[in-house]
Amino acid sequence: MKKITAIIRSHKLEEVKTTLVNAGVIGLTVSEQRQFGRSKKQEVLYRGAEYMIDFVNRIKLEIIVEEHQVNSLLEALVISASTGEIGDGKIFISSIEEIVRIRTGETNLEAI
């Protein structure tokens, strides 16, 4: 099993979720994140003073899938999350050794 972690722009969440569901994903975890990186800093005017915002809001998706699903989901994620601009995000893929459902004690594929 693999864990796909994707950091995407906030406004792309619904489009990405729809694409993933259509690709066969049955569940995912979504978290709000603040990111610092190569994205452009934003200038904000607040009460007459200008401020630079270094951190930008992003969404973090976590999906556990079987290994044979990784390539198709990776392609779907890249297409649906892309705007073609700096700051579109990153995708990380890591191995999952074991999963245990707390309520029932089921493990691995049965726990998904």
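Helices (H or I, at least four residues) and strands (E, at least two) are DSSP runs, numbered from the N terminus. The structure described here is a predicted model, in which local features need pLDDT of at least 70 and side-chain atom pairs count only at pLDDT 80 or more, while totals for chains, interfaces and linings use all residues. Residues are numbered from 1 along each chain as its sequence is written, and side-chain values use heavy atoms, with hydrogens and water left out.

**The sheet and its helices**

Strands of a sheet pair through backbone hydrogen bonds, either parallel or antiparallel. Here, four strands form an open sheet in the order β2-β5-β1-β6, with antiparallel pairing; two strands are said to pair if DSSP finds at least two bridges between them. At the edges stand β2 (29–35) and β6 (89–95), each of which pairs on one side only. On average, neighbouring strands of this sheet are turned by 20 degrees against each other, direction ignored. Strand β1 (residues 2–9) is joined to β6 by seven bridges, and Lys-2 has Ser-95 as its bridge partner in β6.

Contact means heavy atoms within 4.5 Å. Axes are lines fitted to C-alpha atoms, for helices over the stretch in contact, and angles run from 0 to 180 degrees between N-to-C directions.

| Helix | Residues | Strands | Angle |
|---|---|---|---|
| α1 | 13–22 | lies across β1, β2 and β5 | about 10 degrees to β5 |
| α2 | 70–81 | touches β1, β5 and β6 | about 5 degrees with β1 |

Val-65 is found in strand β5. This residue counts as buried because its relative accessibility is 4%, buried meaning under 20% relative accessible area, exposed over 50% and partly exposed in between (1.4 Å probe, protein chains only). Leaving aside neighbours within four places in sequence, Val-65 is in contact with Met-1, Lys-2, Ile-4, Val-70 and Leu-73.

Glu-66 is placed in the loop between β5 and α2. With 32% relative accessibility, Glu-66 counts as partly exposed. Although Glu-66 and Met-1 are 65 residues apart along the chain, their C-alpha atoms are separated by 4.6 Å.

**The largest pocket**

A pocket is an open set of points on a 1 Å grid over the protein atoms alone, where a 1.4 Å probe fits, with protein on both sides within 12 Å along at least five of seven lines; lining residues have an atom within 4 Å of a point. The largest pocket is lined by 17 residues, and Val-65 is among those nearest its centre. Strand β5 (residues 56–65) supplies the largest share of this lining, four residues.
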